[in-house]
Amino acid sequence: MLSSVQKIQYLLDSALRFGEKVACTNCGSRDCTVIDRKYVFTRLFECNGCHLYFRHPVEKVAQNKAFYQEDYIEKDKITAELPGREELEAMKQNGFSHGNKNAERYHLLFKKLFPGSSFPLKVMDYGSSWGYTMWQLKQYGYDVEGFEISGPRAAYGEKNLGLVIHADEAKLRGDNDIFFSAHVIEHHPTIPGMIALAKKLLKNNGYFVAISPNGSEQYREIEPGKFHHAWGKVHPNYLNVDFYKSIFSGFPYYIGSNPFNLEQIGPLNEGQQVTGDLTGEELLVIVRFGQEKNR
């Protein structure tokens with residue numbers, strides 16, 4: 001969500017940079033097609049190679065980092081806002097059951113990936129904000145650490161919730177069972193860098209799990225207005241099933257939309273590639289790194 005001033009700045013930046021060359025932010029291809037447009041100057045392109053949908057003008061890494069320190073806000077009043085002491089205690093008493101911030105669905109998903117496991121699973125929550133999801137996962141028994149691009153939010157979670165949240169990727173631990181992100185990858189200026197980091201931080205046969213807005217054509221067909229609204233300054237990437245199938249073609253995966261069909265996730269453990277329903281508002285991808293798909 002942008003303030004009025006931020007919207008004007010965004011429009012001016014888009015106008016001034018309209019003539020910059022168009023190249024896919026994932027694979028670098030110049031073979032790209034406009035599939036949507038906002039305010040004349042801001043366009044959504046599809047890469048005809050890897051099928052990523054990306055906003056142009058593209059996000060600069062330094063600009064992205066500066067924006068998420070303190071300027072980023074959300075309507076839900078929890079993702080980016082730091083609660084006062086009394087408000088925080090009330091949230092803890094309620095288990096952070098704030099709309100879609102309840103982490104129970106993540107817990108059920110993780111259990112499906114590791115059926116029968118009794119050991120504490122090591123989870124890296126990438127893009128953890130100030131740690132409300134991490135706090136919930138710890139209550140379920142997970143060994144969880146986090147990364148948050150905003151220094152103030154990371155520091156708040158460490159101080160007030162007793163969590164380990166790094167604002168420096170170089171300090172992130174390895175040997176994780178799950179690299180998890182919820183509504184982060186659509187914000188990231190370099191998706192290949194995020195995926196490379198996940199591979200580095202995961203155990204062999206560990207899982208990359210990402211939830212994002214659903215940019216798949218199946219969703220656009222039934223919700224064209226919501227599709228159009230979901231990309232922009234805050235969401236420079238629009239993830240879709242064709243992109244994920246392209247970049248994860250050599251690994252077992254599950255790709256589906258909410259409500260997530262947990263019964264379809266089981267074949268990941270058998271090296272399968274499974275695509276579920278794609279008409280929901282959120283897109284889920286789970287990839288098992290370290291294991292080749294069954295051919």
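Predicted model: local features only at pLDDT ≥ 70, side-chain atom pairs only at ≥ 80, totals over all residues.
**Stop 1: the loop between β2 and β3**

Select His51. It lies in the loop between β2 and β3. Its phi is positive, about 75°, although His51 is not a glycine. Most residues other than glycine have a negative phi. His51 is partly exposed, with a relative accessible area of 27%.

Now show the two strands on either side. Strand β2 covers residues 42-47 and strand β3 residues 53-56; four bridges join them, and they run antiparallel. Pick Phe45 and you will find Phe54 of β3 opposite.

Widen the view to the whole sheet. Four strands form an open sheet, in the order β1-β2-β3-β9, with antiparallel pairing. Its edge strands are β1 (32-38) and β9, each of which pairs on one side only.

**Stop 2: the cysteines**

The cut-off for a disulfide is 2.5 Å between sulfur atoms. Cys50 is in no disulfide either; the nearest cysteine sulfur, in Cys24, is 3.6 Å away. Check burial as well. Cys32 is buried at 17% relative accessible area, and Cys50 is buried at 5%.

**Stop 3**

Go to His56 and Pro57. A cis peptide bond joins them, with omega about 5°. Pro57 is found in the loop between β3 and α2 (61-70).

Next, jump to Asn258 and Pro259. The peptide bond between them is also cis, with omega near 0°. Pro259 lies in the loop between β10 and β11 (273-275).

Then select His183, in the loop between β7 and α7. Phi of His183 is positive, near 60°, and the residue is not a glycine. His183 is partly exposed, with a relative accessible area of 29%.

**Stop 3: helix α7**

Move on to residues 191-201, which make up helix α7. Color Ile191, Met194, Ile195, Leu197, Ala198 and Leu201: these are buried. Where do the buried residues fall, seen down the axis of α7? They fall within an arc of 155°, so they line one face of the helix. An α-helix has 3.6 residues a turn, so residues three or four places apart point the same way.

Show what that face meets. The buried residues of α7 pack against β4 (122-126), β7 (176-182), β8 (202-213), β9 (237-238) and α10 (241-247).

**Stop 4: strand β12**

Select residues 282-288, strand β12. Seven of the seven residues are buried, so the strand is largely enclosed by the rest of the structure. Glu282, Leu284, Ile286 and Arg288 point one way, while Leu283, Val285 and Val287 point the other.

β8 pairs with β12 in the antiparallel sense over seven bridges. Look for Tyr207 opposite Arg288 of β12. Strand β10 (residues 253-257) also pairs with β12 in the antiparallel sense, over five bridges. There, Gly256 stands opposite Leu284.

**Stop 5: salt bridges**

The count comes to seven salt bridges. Stay on β12 and pick Glu282. Glu282 forms a salt bridge with Arg105, with the closest N and O atoms 2.8 Å apart. Glu282 lies in strand β12 and Arg105 in helix α4 (residues 104-113), so the pair ties together parts 177 residues apart in sequence.

Follow α4 to Lys112. The side chains of Lys112 and Glu263 meet in a salt bridge (3.3 Å, N to O). This pair links distant parts of the chain: Lys112 in helix α4 and Glu263 in the loop between β10 and β11, 151 residues apart. Glu263 is exposed, with a relative accessible area of 60%; Lys112 is partly exposed, at 26%.

Finish with Arg153 and Glu148. Their salt bridge has its closest N and O atoms 3.4 Å apart. Arg153 is buried at 5% relative accessible area, and Glu148 counts as buried at 6%. Last, select Asp143, Glu145 and Arg173, which are linked in a network of salt bridges.

Key. Residues numbered from 1 in each chain as written. Heavy atoms only, no water. Buried < 20%, exposed > 50% of the residue type's maximum accessible area, 1.4 Å probe, protein only. Arc of directions from axis to C-beta. Contact = heavy atoms within 4.5 Å. Pairing = 2+ DSSP bridges. Salt bridge = Lys/Arg side-chain N within 4 Å of Asp/Glu carboxyl O.
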